[in-house]
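Hi everyone, thanks for coming.

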Amino acid sequence: MANDEIAKLTEDIIICEACYLKDSRTQVVPGLYGPKNGLCIIGEAPGYYEDKQGIPFVGRSGKLLDNMLSGIGLEREKDLSILNVIKCRPTTADNNNRTPTNSELKFCGERWLFKQLKLLSPKLIVTIGSIALRFFIPSAAVTKYVGKSYDTDFGIKLYVTYHPAYILRNYNLMDLYNEHFEGIKSLYLNLLNQNKITSDNKRSTKGQGEQKSLTDFL
Ligand code: SF4
C-alpha cells in the first residue's frame with residue numbers, strides 16, 4: 001500500500017525498542033497493508049516462522065488462513081491488511097513461542113496497532129483467536145464471542161473467529177470455520193454497500209441486493 005503516512009509509521013515500528021520483547025525477536029513484524037477503508041485481520045503476535053520471515057501468518061496456519069480468504073474471493077495484501085497486536089515474538093526461557101500477557105498486548109497494541117488502524121481506517125476488523133480478541137475486549141472468552149460481530153468503542157465493527165492453528169488441531173470445526181468466513185464476507189459486503197450508498201447521494205438503494213464480489217469495492 002503506497003501511503004507516506006503508513007510507510008513512515010512502519011519505519012518507526014521496525015526500529016521500536018520500547019519494551020523487553022525487543023530482546024526475543026529476530027525482527028519486528030509490522031504487518032501487511034491492504035487498501036484503506038477495507039478489511040483488517042488481526043492476530044496476536046509473531047510466532048517462530050513469522051519472526052524469521054518478518055511476515056504475519058506464515059507456515060501451516062498462514063496457508064489455511066490464505067485458503068479461507070481465497071474461498072471468499074480475497075487475497076492478503078492485495079485486498080486486505082493482516083496485522084498482529086504485538087509486533088515482536090514473545091518467547092519462553094527455552095525460546096519457544098509464548099502466549100503474550102495482557103500487559104504486553106496493551107503496551108504494544110496501544111503504541112502501534114491503534115496508530116495503524118487509525119491510518120487504515122478499516123470498515124471491518126476480524127480478530128483471529130482468543131488472544132487478539134482479548135486486546136479489544138479484555139474480559140472476553142472466545143467461545144462466547146466467536147462467529148458474531150460487535151461494535152467497538154472506536155466505531156469499527158469487529159468479527160470474532162478462531163485462529164487457524166486451532167482449526168488445524170480441531171479439524172472437526174472446519175465446516176464451522178467456513179461458515180465464519182462466509183459470515184465475514186456477508187458482513188463486509190454489507191458494510192461496503194452501506195458506505196457506497198452513503199458516499200453517493202444519487203445512488204439508488206435498489207442496487208443493495210445485487211450480487212457483487214468483494215473486490216468490486218476495493
Ligand atoms: S513488542 Fe511492540 S512495543 Fe515492544 S519492542 Fe516490539 S514493537 Fe516495540
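A quick word on terms: helices (H or I, at least four residues) and strands (E, at least two) are DSSP runs, numbered from the N terminus, and two strands pair if DSSP finds at least two bridges between them. In this pair, Ser149 stands opposite Tyr159 of strand 5. Five residues lie between the two strands of the hairpin, and Gly155 takes a positive phi near 80° there.

Before going on, some housekeeping. What you see is a predicted model, in which local features need pLDDT of at least 70, side-chain atom pairs count only at pLDDT 80 or more, and totals for chains, interfaces and linings use all residues. Residue numbers start from 1 along each chain as its sequence is written.

How confident is the predictor? The average pLDDT of the protein (the predictor's confidence in each residue, from 0 to 100) is 90, and 89% of the residues score at least 70. Please be careful with residues 211-215, where pLDDT stays under 50. Where pLDDT is low, the predicted coordinates should not be read in detail. The model does have eleven contacts beyond four places in sequence for that stretch, a contact being two residues whose C-beta atoms, placed from the backbone, lie within 7 Å.

Now the overall picture. The protein has eight helices and five strands, and from the N terminus on they run α-β-α-α-β-α-β-α-α-β-β-α-α. Of the contacts with a separation of 6 or more, 72% are between residues 24 or more positions apart. Buried residues make up 36% of the 218 residues. Here, with C-beta atoms placed from the backbone, buried means that 20 or more other C-beta atoms lie within 10 Å of a residue's own, exposed means 12 or fewer, and partly exposed is in between.

In what order do the five strands lie? The sheet is open, its order is 2-1-3-5-4, and the pairing is mixed. Strand 2 and strand 4 (149-151) are at the edges with a single partner strand each, so one side of each has no neighbour in the sheet. On average, neighbouring strands are turned by 25° against each other, direction ignored; the axes behind that angle are lines fitted to C-alpha atoms.

Let's take the pairs in turn. Strand 1 (residues 39-43) and strand 2 (residues 80-84) are parallel, with five bridges. Across that pair, Leu39 has Leu80 as its bridge partner, and Ile42 stands opposite Leu83. Strand 1 also runs parallel to strand 3 (residues 124-128), with four bridges, and here Cys40 stands opposite Ile125. Strand 3 and strand 5 are parallel as well, joined by five bridges, with Leu124 partnered by Lys157.

How covered is strand 1? Five of its five residues are buried: Leu39, Ile41 and Gly43 on one side, Cys40 and Ile42 on the other. In strand 2, too, five of five residues are buried, with Leu80, Ile82 and Asn84 pointing one way and Ser81 and Leu83 the other way. For strand 5, four of five residues are buried.

I'd also like to stop at one helix residue, Leu69, which sits in helix 3 (residues 59-71). Why does Leu69 count as buried? Because Leu69 has 22 C-beta neighbours inside 10 Å. Leaving aside neighbours within four places in sequence, Leu69 is in contact with Leu74, Glu75 and Arg76. Leu69 and Asn178 are 109 residues apart in sequence, and their C-alpha atoms are 9.8 Å apart in space.

Last stop, the ligand. Which residues are the closest to it? Those are Cys16, Cys19, Lys87, Cys88 and Cys108, out of 15 residues that surround the ligand; a residue is near a molecule or strand if its C-beta atom, placed from the backbone, lies within 6 Å of it. Helix 4 (residues 102-120) gives the most to this shell, with four residues. By class, the shell has eleven nonpolar residues, no polar ones and four charged ones. In that scheme, Ala, Val, Leu, Ile, Met, Phe, Trp, Tyr, Cys and Pro count as nonpolar, Asp, Glu, Lys and Arg as charged, and the others, Gly among them, as polar.

How values were computed
Axes are lines fitted to C-alpha atoms, for helices over the stretch in contact, and angles run from 0 to 180 degrees between N-to-C directions.
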